[in-house]
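Here's a quick walk through one model, heading by heading. Have the structure open and follow along.

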Amino acid sequence: MIDALHHAVVTFNAFVILYMLGQYANQLLLVCCGWREISEYVKRRSLRDYDTIARSELSVPVSIVIPAYNEEDVILESVRSLLRSHYAAFEVIVVNDGSTDRTLDVLSEEYRLIEDRRVPRAKVRSKPVAGCYRSLRDERLVVVDKQNGGSRADAMNAGLRYARYPLFLAVDADTLLDVDALPRLVREFQVRPETVGLGGIVRIANGSTVEAGHVTEARTPRQLLVNLQIVEYLRAFLVGRTGWSRIGAVLIVSGAFGIFRREDVIAVGGYDPDSFAEDAELVLRLHRHCRERGRRYRIGFIADPVCWTEAPASLPTLKSQRNRWQRGLLQMLWQYRGMIGHRRYGSVGMFALPYFVAFEALGPVIEVCGYAVITLSLIFGWLSTLMAVAFFGVAVALGIAFSLGALLVEERAFQRYRRWRCFGRLVLAAGIENLGYRQWYALIRTHATWLQLRGRPQKWGEMSRAGFATAKS
C-alpha cells in the first residue's frame, strides 16, 4: 500500500513539474507576443491623429451603456466622466436595473430627468422596462428604468434595445473613462472595418486623484490587497490580452470596458442573462458566429484607451468576485466545449480554449493538489526539504519575474505611475504576491470549481463601494 502511494506521489510530482514548465512556457510566449504588440503600438502612436477623429462629425457615433444596480455612491461621478469625453457624437444610457437605493433619484435630481418616448430598436431578451427618461441638462443622457433581471447581462440587453448608434461601449457604473478613450477605440473600427469587438485596458482607481470625473493622477493606495490587484490587472491586460490579441485569439473583452458593433451583437442574440461570464460568453459566441459563416473579422485588444474602476478593498468582497469569475469561466468552457481543439475555429479553438482549460480552469486545482502532495512527500521522507524549497523557490521566482515583466511594459510604454513611491509599492506587491496571496487565490478558485461541479446555485451579489474621492498623500 505504501509502495503504491509512493509511486503515485512520485508520478504526480513529475507531472506537476512538467505542467509548470508548460504553463510558464505559454506565459513566456504571451509575454513576447504582448511586448512586440505594445512596442509596435508605441512606435506608431505619434502618427495617429486622435484629435481629428474626436472632433469629426464623420466619426462613427457611440452609445455608452452603463448597467446600474444600487450604485448611488458612484453613478454621478461615472456619468460626469463619460459626458466629458472628447468625442463629437455619443450618448450615455444608464440602465437602472431595479435598484433598491436612490440610484434613479440622484440621477433625476442632478440631471433633471423627464419622460422620454424613445422606443426599443432591437429584440433581445431582458426584463420589462418601466420607463425611459432623458435629461434636460444634457440631451446625451438617457436613463432606462427596468425590473431587476438578476444579472448584468439582462441590464445590458435593455440598454442595447434602446441604443441608437452603430457602436456601443459597455462600461460598469464604478468606472471612469479617460477623456480621449473614445477616439482611440473608434479609430480601430474605422481603420479596420472588419473589427467586431475591441477591449481596452481596465486600471484600478483606488488611491488615484479624481477631479471632475476623471483620474488626473494615477497613484497607488496604501492597502496591500489593492496593490496586489493592480499588479494582477497589469499582468492580465498588458501581457495576457495583448499577447492573445497578437495571435487573434482574444477570449475575453472585459465587461467593464468593451466596445462592439451593435448589429453583430444583436445578430447573435445579445448578452446571455443566464451566464456568469456574460462578457466572455458573448465574445466566444461572436467568434463562433463569424467562423461558421466564413466571415473575415477581428476581435482584439488595445492597451492605450483606459477606463478606471474601483477594486475590492476587503477579502470577503474580493473572494465573492473571484468566485464568480471562476465559476463563470467553467460555465463558459463547458458551454463551448465543442470548439475546443477544432481547426474550424482557428487560433481560438486550437490555442486559446485549450490553454484556458489546461491552465485557467484546471490550474488552481492542480496547484492546490501539488501543495498537498509535496507536504505528504515531506512527511514520509519521499522528498528532501532542499528539493521542496528549491521547487517552491523556482515557482515563486518565475511568478515574480512575470509580474515584474508586466510592470516593465507599463513603465516603458505608458508610465502612468509617475511617483516612485507608487511604482515602488507595485514592485513590492509583485515580490510578495506569490507568498500567500497566490495560494489563497488558488484555494478560492478550487472551492469555486467544486461548487460549480456540484451544481450549487450562484448569485451575482453586490460589491460594496467606497466611491471615488481625491487621494491623500
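## Cysteines

Searching the whole structure turns up zero disulfides, a disulfide being a pair of cysteine sulfur atoms within 2.5 Å. Cys132 counts as buried because its relative accessibility is 6%, while Cys369, at 35%, counts as partly exposed. The cut-offs are under 20% relative accessible area for buried, over 50% for exposed, and partly exposed in between, with a 1.4 Å probe and protein chains only.

## Ground rules

This is a predicted model, so local features need pLDDT of at least 70 and side-chain atom pairs count only at pLDDT 80 or more, while totals for chains, interfaces and linings use all residues. Residues are numbered from 1 along each chain as its sequence is written, and side-chain values use heavy atoms, leaving out hydrogens and water.

## The nonpolar core

The largest nonpolar core has 128 residues, and Val62, Ile75, Val94 and Leu169 have the most contacts inside it. Helix H7 (residues 224-246) supplies the largest share of this core, 10 residues. Such a core is a set of buried Ala, Val, Leu, Ile, Met, Phe, Trp, Tyr and Cys residues joined through side-chain atoms within 4.5 Å; helices are DSSP runs of H or I, at least four residues, numbered from the N terminus.

Not counting residues up to four places away in sequence, Val62 touches residues including Tyr87, Phe90, Leu169 and Ile259. Contact here means heavy atoms within 4.5 Å.

Asn157 sits in helix H5 (residues 152-162) and is buried, at 0% relative accessibility. Beyond its neighbours within four places in sequence, Asn157 contacts Val124, Arg125, Ser126, Gly270, Tyr271 and Pro273.

Asp264, in helix H8 (residues 262-267), is also buried, at 7%. With neighbours within four places in sequence left aside, Asp264 is in contact with Val196, Leu286 and Arg295.

Note on methods: Helices (H or I, at least four residues) and strands (E, at least two) are DSSP runs, numbered from the N terminus.
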